[in-house]
Amino acid sequence: MTEVKFKTAHDLPPCSISVTNELTKTGNWRNAKPVFHKEKCIQCGICWKVCPNACIILGEYPEWNMDYCKGCGVCAEECPKDAIEMEDERVMI
Amino acid sequence: MSTVKVITGNHAASFGARDCRAEVIAAYPITPQTQVVELLSEFCADGVLKAKFIKVESEHSAMAACIGASAAGARAYTATSAHGLALMHEMLHWAANARHPVVMANINRAMGPPWSIWTDQNDSLAQRDTGWLQFYCESNQEVYDTTMIVFKVCEQVLLPGMLVLDAYILSHTYEPVEMPDQELIDEFLPPFDPPYRMDLDDPHAFGALCTPEWYMELRYLIQEAHEKALVTAREVEKEFTKTFGRSYGVVEFYRCEDAEEVIMIAGSTASTAKDAVDIMRKQGRKIGLARIKLFRPFPNEEIRELASKVNKLIVIDRNISFGNQGIFFNEIKACLCNEKNRPPVYGFIAGLGGRDMKIEDITGIVEQADTCDIEEILWWGVKL
């Protein structure tokens, strides 16, 4: 993420908006990611329809925009052919 | 060619929004404001006004929709009254703090219970600290004209603004209103072009979290914008006069040149008070009237200059801050408290809940101020 340094109030934008557009990329909140098994996919489009973040791009097969996927797993849960599997991304310290 | 229509104060607000080319209107009906949005929805349906009219389920949502529209770069307009304004409260802070110049007409109506639909100023004055500009109008013509002024000032300083008019006395009373050429209005008020807006090609997070490290600085910028708004309001007023020939002033002075005592008031009661001033002048009193049009930002300089030249100020408040005093009374005293030569300031509470304010009420108040104890909270006309 770009680091922005301010010195005084007048360096700020007048409204509380993010000064970089990196902040809108919320995919780093995720703690699981979808893994797609193309051979099981029947191209029904249900995953695209149910994604609450609208981050699935539907071409011939679904693709995930990982800048916005929160790893909620709704696509995996709703897939009638178990073509989507959630993989734990949590880092144990 | 300008046109003259005989219309209500509510419709003066609607025509004002139409001629300012509002682009998004979101509103919820409430007495006595209903006609404002009724006519605007007609304008939208008939294609007279190319605006998106958003029907919402509450005033809170109405303001939220206006904030979203303004964030996207649209000129947003709404109107409400009393309980509707109170329900908007959270969103009023949001509009100002996010620096969206939404413009709203508020028809001053007394707060319940007991239910009342008549005028007093407690609804709008209770929103004093939300960061909104507040302009109090005296006539339907002024309601129409001030819509242009509020949009212009607000869009320059990126703050929302409230246009305030009295229930029934203005909102439902017909007066002739002159509407200038659209070309002239467009020249006076160019399209809204905010420096920041929601843009798909350059996405940003709006209204995001801000730690204590910078929150205070953002608040400082709002205060600075209010100070700028005062200067801008004076300039825009001058430009308005130059373009359209009418003038009001952030404070309007009526027969104050040689006045020894001055009545201070806001809203339509000022009209009645002007007649009262004329009558008292004929009787030999050197009296004048100062009508406070701009309440936020507060016109301190104008009031200090006036106070330095008179022997007495009489403030009539159609409102009360319970547990203390009239709100204009408090504000005027606060503005004068560090002045070396300041006149005594008398405060009267009058006309709450739409009780009529007649000429004899104004002259009666002035006479009572001759003999009353300045420390008293003076309730005019209350049955005791």
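**View 1. Chain B, with its helices and strands.** Chain B of this predicted model has 13 helices and 15 strands. Helices (H or I, at least four residues) and strands (E, at least two) are DSSP runs, numbered from the N terminus. Along its principal axes, the C-alpha trace of chain B spans about 70 × 55 × 45 Å. A compact globule of 384 residues would have a radius of gyration near 21 Å, and chain B agrees because its own value is 21 Å; this radius is taken over C-alpha atoms, and the globule rule is 2.2 Å times the number of residues to the power 0.38. Of the 384 residues in chain B, 49% count as buried. Buried here stands for 20 or more other C-beta atoms within 10 Å of a residue's own, exposed for 12 or fewer, and partly exposed for anything in between, with C-beta atoms placed from the backbone. Look at contacts in chain B between residues at least 6 apart in sequence, and 79% of them join residues at least 24 apart. Two residues are in contact if their C-beta atoms, placed from the backbone, lie within 7 Å.

A note on labels and confidence: residues are numbered from 1 along each chain as its sequence is written, while chains are lettered from A and ligands numbered from 1 in the order in which they are written. Since the model is predicted, local features need pLDDT of at least 70 and side-chain atom pairs count only at pLDDT 80 or more, whereas totals for chains, interfaces and linings use all residues.

View 2. Chain B is divided into domain 1 (3–244) and domain 2 (251–379), with bounds that come from an automatic or database domain assignment. Their centres, taken over C-alpha atoms, are 27 Å apart. Domain 1 of chain B brings 27 residues to the contact, and domain 2 of chain B brings 20. On the domain 1 side, the elements that give two or more residues are α6 (122–125), β6 and α9 (212–244) of chain B. The largest share of that side, 5 residues, comes from α9(B).

**View 3. The largest nonpolar core.** This core has 120 residues, and the members that touch the most others are C66(B), L163(B), I263(B), M264(B), I314(B) and V315(B). A nonpolar core is a set of buried Ala, Val, Leu, Ile, Met, Phe, Trp, Tyr and Cys residues joined through C-beta atoms within 7 Å. Helix α7 (residues 140–157) of chain B gives the most to this core, with 9 residues. At least three residues come from each of domain 1 and domain 2 of chain B. Apart from this core lies another, of 9 residues, including C47(A) and C51(A).

**View 4. Strand β7 of chain B and its partners.** All 6 of the 6 residues in β7(B) (residues 161–166) are buried, so this strand is largely enclosed by the rest of the structure. Both faces are covered, with G161(B), L163(B) and L165(B) on one side and M162(B), V164(B) and D166(B) on the other. Strand β5 (residues 103–108) of chain B pairs with β7(B) in the parallel sense over 6 bridges; two strands pair if DSSP finds at least two bridges between them. Here A105(B) has L163(B) as its bridge partner. Strand β6 (residues 133–136) of chain B also pairs with β7(B) in the parallel sense, over 4 bridges, and F135(B) stands opposite L163(B). The chain crosses from β6(B) through α7(B) to β7(B), and this β-α-β crossover is right-handed: with the strands pointing away from the viewer, the path from the first strand over the helix to the second runs clockwise.

**View 5. Strand β10 of chain B, covered on both faces.** In β10(B) (residues 261–265), 5 of the 5 residues are buried, so the rest of the structure largely encloses this strand. E261(B), I263(B) and I265(B) lie on one side, with V262(B) and M264(B) on the other. Strand β11 (residues 287–292) of chain B pairs with β10(B) in the parallel sense over 5 bridges, and I265(B) stands opposite R291(B). From β10(B) the chain crosses through helix α10 (residues 269–282) of chain B to β11(B), in a right-handed β-α-β crossover.

**View 6. The open sheet of chain B.** Its 6 strands run in the order β9-β11-β10-β13-β14-β15, with mixed pairing. The edge strands, β9 (251–254) and β15 (378–379) of chain B, each pair on one side only.
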